[in-house]
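Okay, everyone, let's get going.

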Amino acid sequence: MSKARRQHFIPRFVLNNFTDDTGHIYYCRRSESHSAVVRTTPTNVFVEKDLYSIKGDNNNIDVSLEHQFSRLEHVASQIVAKILLAVRVNELPKLSRGDRIVLNNFVYYQWKRVSDVVNSVASGLPFERIVRDGKREIEAQGGTVPLEEEERLYRERDRLIHNAKVAAIASSSSKVMPFLQKRGLKIFHIGEKQLSLAIGSNPIVRGRHNDTTSLDDLDVEVILPIAPDTALVLSGGSPYSFQVRPLNDEHIVRDFNENVFRQSKAVASPSRQLLVSLVDRLGHCAP
């Protein structure tokens, strides 16, 4: 399988931040029947074949979206590295407006591109509606869909649903993105070595404010961990404001990790102890 078809939905540069001193990461998948935490490398976790590939009817594979994400990740990785270097020496990162735009896009697509979210989108894409909409588009252009072609479409159901999912990932929401663009940036940084954030297959946690998690409320936080000791938080403020805030409250860190665990089908950390603790408290994992 070519490299471009083996697609990480949590970027490698983020996963590398969650490795231990030997470059390994601890990982478990949620399950009702097993409880196991495995030690592996970032290459092997949060990855799927052709998650973002468009599959043609002649076995052709288009990996353009994966390349787009790779370009976004390349730029975002440089900004994240700049943030981590600064906050770890108690300095304020120097972020330009361009950096903020990149981070907003990175958070947005990290939210919608993960496998957990993609599969939930698929459940809302009835195949019959996809076929009907396709026929209407062709007929609107003056064409027709012969009966044998419609029968072929039904035979290729899985491929077409997959391609519809990829198209949904690639699109930009006219609602969510503007909500994120209105928010300021906070960088939460943990100074206590015994505290650590986990990364999940659904990594972004939406905070609660005044009993709501609606993005209409600018004080509802959108939190994405970028390292065990650092998280990006979009919340309140002016669109281009940002600040660094210490995060040394054990209860807040624990709540975040528990939320990540509950909403994710898999979770990872440089700490085996942290994952075992989450499994013991909240559920099971499978190798």
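Let's begin out on the surface: aspartate 211 counts as exposed, because its relative accessibility is 70%, where exposed means over 50% relative accessible area, buried under 20%, and partly exposed in between, using a 1.4 Å probe and protein chains only. You'll find aspartate 211 in the loop between strand 9 (205–206) and strand 10 (222–227). Its phi is near 65°, a positive value in a residue other than glycine.

Quick housekeeping before I go on. This is a predicted model, so local features need pLDDT of at least 70 and side-chain atom pairs count only at pLDDT 80 or more, while totals for chains, interfaces and linings use all residues. Residues are numbered from 1 along each chain as its sequence is written, and side-chain values use heavy atoms, with hydrogens and water left out. When I say helix or strand, I mean DSSP runs numbered from the N terminus: H or I of at least four residues for helices, E of at least two for strands.

Now compare phenylalanine 46. Its phi is near 50°, again a positive value in a residue other than glycine. Is phenylalanine 46 buried or exposed? Phenylalanine 46 is buried, because its relative accessibility is 2%.

That brings us to the rings. The structure holds six aromatic pairs. Rings of Phe, Tyr and Trp (its six-membered ring) pair if their centres lie within 6.5 Å; planes under 30 degrees apart are stacked, over 60 edge-to-face, and the rest tilted. One of the pairs is phenylalanine 9 with phenylalanine 46, edge-to-face, at 5.8 Å centre to centre and 70° between the planes. Phenylalanine 9 sits in the loop between strand 1 (6–8) and helix 1 (12–17), and phenylalanine 46 in the loop between strand 3 (38–40) and strand 4 (47–49), so this pair ties together parts that are 37 residues apart in sequence.

Another edge-to-face pair is tyrosine 52 with phenylalanine 69, at 4.9 Å centre to centre and 75° between the planes. Here tyrosine 52 is in the loop between strand 4 and strand 5 (54–55) and phenylalanine 69 is in helix 2 (residues 64–87), 17 residues apart. Ring pairs link Tyr52, Phe69, Tyr108 and Tyr109 into a cluster. Also, arginine 113 lies over the face of phenylalanine 69, at 4.2 Å from the ring centre; the rule is NZ of Lys or CZ of Arg within 6 Å of the ring centre and within 35 degrees of the ring normal.

On to the strands. Two strands pair if DSSP finds at least two bridges between them. Strand 2 (residues 25–31) has five of its seven residues buried. Three bridges join strand 2 to strand 3, running antiparallel, and tyrosine 27 has valine 38 as its bridge partner in strand 3. Strand 2 is also joined to strand 13 (residues 266–269), antiparallel, by four bridges.

Last stop: an open sheet of five strands, in the order 9-10-11-7-12, with mixed pairing. Which strands stand at the edges? Strand 9 and strand 12 (242–246) do, each with a single partner strand, so one side of each is left without a neighbour in the sheet. Strand 9 pairs with strand 10 in the antiparallel sense over two bridges, and valine 205 stands opposite isoleucine 223 in strand 10.

That's my tour, thanks!
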